[in-house]
Amino acid sequence: MAKIRRLPQSVINKIAAGEVIERPASVVKELVENSLDAGATRIDVSVAKGGIEFIRVADNGCGIAFEDLELAVASHATSKISDAEGLFHVRTLGFRGEALASIAEVSHLRLRSRTPDSDSGGEIYVEGGLVRSIAPCGCPVGTVVEVRQLFFNTPVRRKFLRSTTTELGHISETVAKLALAHFRVHFTLTHNDRPVLQLPAAGDLLERIAALYGQELADALIPVSSEDGAVRLYGYVAHPAFSRPNAKMQFLFLNGRAIRDRNLQHALNEAYRGLLTVGRQPVAFLVLEMPPEMVDVNVHPTKQEVRFLDSGRLYSQLLSTLRREFLSSDLSTRISAPI
Ligand code: ADP
Ligand code: MG
């Protein structure tokens, strides 16, 4: 066996990138999450060739100070937590301080940013983890990140990319999820200069659902809501007639984050038991809000899976909330859907 050696930072960054940046949609997710954390009210995503060639995310958020530009793209550098205690009170979508460093490690990344109290902005350009330039530039308040040549130095990952259509599908699914979780924010998604999603700021979740999936579905949704201690559950579930052959239209959001949770998905299916024919899946948009202390988001690099302090109690809350709504909204009298 060879001697044990400490890995160079660039290798460490590539390993981290491998965990978080799987495909163009992962880049979009991380960049849009940063824009949301920056308090943006408008986020414009534009991509070319399924994001493989080009990704740009522009926001009108708080911006990054010129002197912080280099730190922003450094690994384990974040403005969101400052100590281990902070890990248990995370209210932002990011906190690992790894996304920009990971993306910059495997692409050509250009970031332009300006804070409201500065007259001019700054631009940093990073190629495969190497900072090539940092210079002042004129730009509006907010941040624009452009990513080109994704995976240029990780050929295996590049080879695993699918067709433009598939990658664009993942990107638009990613933006849709973030747009549902943050319906007050104005979102646009453009592919090869053609608009894919145009989502003006919505007043409530239902309005955003209608903008994404059509008024017909929105009109047939049943509102649900309940509170159990500090846990608030609300959202919409569809009449059984709107069920789907797969679980793609099941959305679960926790404190502004789209998550997957087998336990809660099971509770959802259990609530629909007897209402759906075999092989059909319910449609649901469910939002959970709880104090950050009640959940550990630091279990998975992409944070799509979390660990609840009391998952059994959540299961019961979801199941009983849905059952109660189903009983009170006599399902048999409602429309039969065309899907
Ligand atoms: P994290 O989001 O986990 O902190 P990132 O690597 O995604 O790590 O970002 C590093 C830092 O760069 C953030 O903590 C934030 O201070 C800053 N930053 C990144 N993107 C933006 C943005 N769009 N607007 C303002 N600040 C940003
Ligand atoms: Mg981030």
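# Questions about a predicted model

Trainee: Which residue in the turn of the hairpin formed by β4 and β5 has a positive phi?
Mentor: Good place to start, and remember that this is a predicted model. Strands β4 and β5 make a hairpin, and two residues lie between them. In that turn, a positive phi of about 55° belongs to G128.

Trainee: How many bridges join strand β4 to β5?
Mentor: Strand β4 covers residues 121–127, and it runs antiparallel to β5. As one example of residues facing each other, E123 stands opposite A135 in β5. The number of bridges joining β4 to β5 is seven.

Trainee: What is the count of buried residues in strand β5?
Mentor: Strand β5 spans residues 130–137, which makes eight residues to check. To be called buried, a residue needs 20 or more other C-beta atoms within 10 Å of its own. Strand β5 is hardly covered, and its count of buried residues is zero.

Trainee: Where are the edges of the open sheet of five strands, that is, which strands pair on one side only?
Mentor: Follow the order of the strands, which is β9-β10-β13-β11-β12, with mixed pairing. Inside this sheet, β10 (residues 231–238) runs antiparallel to β13 (residues 284–289), and six bridges join them. Y234 stands opposite V287 in β13.

Trainee: Is V73 buried or exposed?
Mentor: V73 sits in the loop between α3 (69–72) and α4. Leaving aside neighbours within four places in sequence, V73 is in contact with L100, A101, A104, L111, I124 and V126. Because 25 other C-beta atoms lie within 10 Å of it, V73 counts as buried.

Trainee: How far apart in space are A40 and V185, C-alpha to C-alpha?
Mentor: A40 is in the loop between α2 and β1 (42–48), and A40 is buried because 24 other C-beta atoms lie within 10 Å. Once neighbours within four places in sequence are left aside, its contacts are S35, D59, N60, G61, G142 and V185. A40 and V185 are 145 residues apart in sequence, but in space their C-alpha atoms are separated by 7.3 Å.

Trainee: Which helix supplies the largest share of the shell around ligand 1?
Mentor: There are 23 residues around ligand 1, and the closest are N34, A38, T78, G94 and A99. By class, eight residues of the shell are nonpolar, nine are polar and six are charged. Helices α2 (24–37) and α4 (99–105) each supply at least two of the shell residues. The largest share, four residues, comes from α2.

Trainee: Which helix gives the most to the side of domain 1 that touches domain 2?
Mentor: The chain is divided into domain 1 (9–199) and domain 2 (214–333), and their centres, taken over C-alpha atoms, are separated by 29 Å. Twelve residues from domain 1 and twelve residues from domain 2 take part in the contact. On the domain 1 side, α1 (9–20) and α6 each supply at least two residues. The helix that gives the most, with three residues, is α6.

Trainee: Is H76 buried or exposed?
Mentor: H76 lies in the loop between α3 and α4. H76 is not a glycine, although its phi is positive, about 55°. Because H76 has 11 other C-beta atoms within 10 Å, it is exposed.

Trainee: Phi of N192 is near what value?
Mentor: N192 belongs to the loop between β7 (186–191) and β8 (194–199). With 14 C-beta neighbours inside 10 Å, N192 counts as partly exposed. N192 is a residue other than glycine, and its phi is positive, near 45°.

How values were computed. Residues numbered from 1 in each chain as written. Chains lettered and ligands numbered in written order. Predicted model: local features only at pLDDT ≥ 70, side-chain atom pairs only at ≥ 80, totals over all residues. Pairing = 2+ DSSP bridges. Near = placed C-beta within 6 Å. Nonpolar A, V, L, I, M, F, W, Y, C, P; charged D, E, K, R; others polar. Buried ≥ 20, exposed ≤ 12 C-beta atoms within 10 Å, placed from the backbone. Contact = placed C-beta atoms within 7 Å. Domains from an automatic or database assignment.
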